[in-house]
Amino acid sequence: MTANSTTHPEVGTFAMARAQWRWPEVVFWLTAAGCILLFPNRYLILTEIAWLALFALSLDLILGYAGIVSLGHAAFFGFGGYAAGLLALHGIVTEPVIALVVAGLAAMALGFVTSFLVMRGSDLTRLMVTLGIALLLRELANRFSNITGGSDGLQGIEMAPILGQFSFDIFGKVGFIYCLCVLFVLFLLARRIVHSPFGLSLRAIRNNPLRASAIGIPVNRRLIAIYTIAAFYAGVAGALSTQTTALASLDGFAFDRSADLMLVLIIGGTGYLYGGLIGAVIFKLLQELFSTLTPQYWQFWIGAVLVVIVLIGRDRMHRWAMFLPRLIASKFSRAKTPVVAPESEAP
Amino acid sequence: MTIALETVNLEKSFGGLRVTRDLSLKIEAGARHALIGPNGAGKTTVINLLTGVLKPNSGRILLEGNDITGLPVHKRVLRGLSRTFQINQLYPDMTPLETVGLAASEHLGHGSDWWRRMGTRSDVNDAIAENLARFHLLDVMNEPTATLPYGKQRLLEIAVAIATKPRVLLLDEPAAGVPESERHDILSAVASLPRDVTVLLIEHDMDLVFSFADRISVLVAGAMLVEGPPDEVARDPRVKAVYLGEGADV
């Protein structure tokens, strides 16, 4: 016991290895920033991709890391969207960044309250409960049209300049940069969360909740925590959508939105943070492509792509896509840490 | 002598089936106690009752004199009651480092830390290194658990439980399914568990039971049949009857 009480130096190194930045990540974010210069005519769709990515990141936190399925994640998106719209419309909080945080916190509070409903039951119950919550909120928003504008949505929102400096322009350049910055900051936070002991315990819970509690992990408390955090993310995504389009509508709560979100995450893959981001890019580009090719049947093609993805399997596609980058990477870095082979024992 | 773990008139029924009958069990601090019994005797149910997976219909469970009957699973672990699993319940895609790190983080109170990265706390790292070294897992600490030889996985199972720093450890068939060549490693790991940890061994394998235990309880049909030191239990005609199937009268 005393012989090894000093830290084995490799333990810390290996434990931190997972959290290290890898070059594809750097390339990803540089490319995202490069879009500001590369596509000056496409800011609107880029902005949509940015907040959709944030929204999908939120779902990934609960689905990919904690294993909570949800068909009603739009509840928080819509809630955050209306919160941001009302704050701006009534001049309660005019500065967009502060309003964004407030809207996120409002969605977070809703997430905390509803998390207790989601803790119970199996995946199927969770699907139904989350779906139900989103439908309920949509109808409430419809009913209290004096506050929400009903089916017309909140109109006449005027956005103040960001930090009092940068006004939203008609081309959407400022809006896109704003969304991208928010996405990046919240991504960094999510990255921090998933590589912490808390994040590791979420993976343990998703894999085997019974085992997790036998290690001493308070399963329900952790699930409530991540569900609440994810609600904040979704609320911020909704608020971004309101702030950049100057509109909040009942669509925010729509079932389609929750279902599309699931598609986005399935396309991109769960449980590695980039799935939601990559999924959002692919989903929006496919939607754009198919809706110009066949305006009436674009959903057919989205469906077809989804079926193909499931049939081929994302692991295999990932391997194909990463074949060349891996080959290049392995050529450049031959210096790998030697791994001690396990003792050879007859099986 | 102090009692580490005690059950008082524990009862559990599933529908009309009484699977645990009036079970009163006392395990002394520091003991190497074995719980044996034929298939279907209700050993697994006892573990589930002790760890809190199942709630008893009546009766109480005391850990070092404190009533833990109403506590959920994870709180019992934090109080010092841990278990190993008979069938592999490890995380296949996590490394031994991460698996032991989870348990150590929770034990040291850092489990809900969502800001600092794994590997940046020296107390957790020390605990990980100590446990991996004790169970000869340092050389494979960065390999996914699913790729480890089965014997190593069984060792990891014990290492995780020990990383929660238990006062009482429930060992559920630690050597089950381990190939003969790796069996010795498990037995020596079990034999060299810290003496201040009280161990309740649930086992089928009589060689292991009689080499390890200083006290044996025999469970039959959910009720305690015999309890005593190994030689006494081995001589008991009722135990022989149960195990050899002669005139099963209980």
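In this predicted model, 38 residues of chain A are in contact with 46 residues of chain B. On the side of chain A that touches chain B, the elements that give two or more residues are helix H1 (9-17), helix H8 (173-194), helix H9 (197-207) and helix H10 (209-215) of chain A, and of these H9(A) gives the most, with 7 residues.

Within chain A, a pair of helices can be followed in the same way. Two packed helices are described by the angle between their axes and the distance between the axes. For helix H5 (residues 96-119) of chain A and helix H11 (residues 219-245) of chain A, the axes come within 6 Å and cross at roughly 140°. Because angles over 145 degrees are needed for a roughly antiparallel pair, H5(A) counts as oblique to H11(A). The crossing in which H5(A) passes H11(A) is right-handed, and the residues of their contact divide into 21 nonpolar and 8 polar, with no charged residue among them.

Turning to chain B, strand E9 (residues 215-220) of chain B and strand E10 (residues 223-228) of chain B run antiparallel and are joined by 5 bridges.

Terms used. Residues are numbered from 1 along each chain as its sequence is written. Chains are lettered from A and ligands numbered from 1 in the order in which they are written. This is a predicted model: local features need pLDDT of at least 70, side-chain atom pairs count only at pLDDT 80 or more; totals for chains, interfaces and linings use all residues. Axes are lines fitted to C-alpha atoms, for helices over the stretch in contact, and angles run from 0 to 180 degrees between N-to-C directions. Helices (H or I, at least four residues) and strands (E, at least two) are DSSP runs, numbered from the N terminus. Angles under 35 degrees count as roughly parallel, over 145 as roughly antiparallel, 65 to 115 as roughly perpendicular and the rest as oblique. A crossing is left-handed if the near helix is turned anticlockwise from the far one by less than a right angle, and right-handed if clockwise. Ala, Val, Leu, Ile, Met, Phe, Trp, Tyr, Cys and Pro count as nonpolar, Asp, Glu, Lys and Arg as charged, and the others, Gly among them, as polar. Two residues are in contact if their C-beta atoms, placed from the backbone, lie within 7 Å. Two strands pair if DSSP finds at least two bridges between them.
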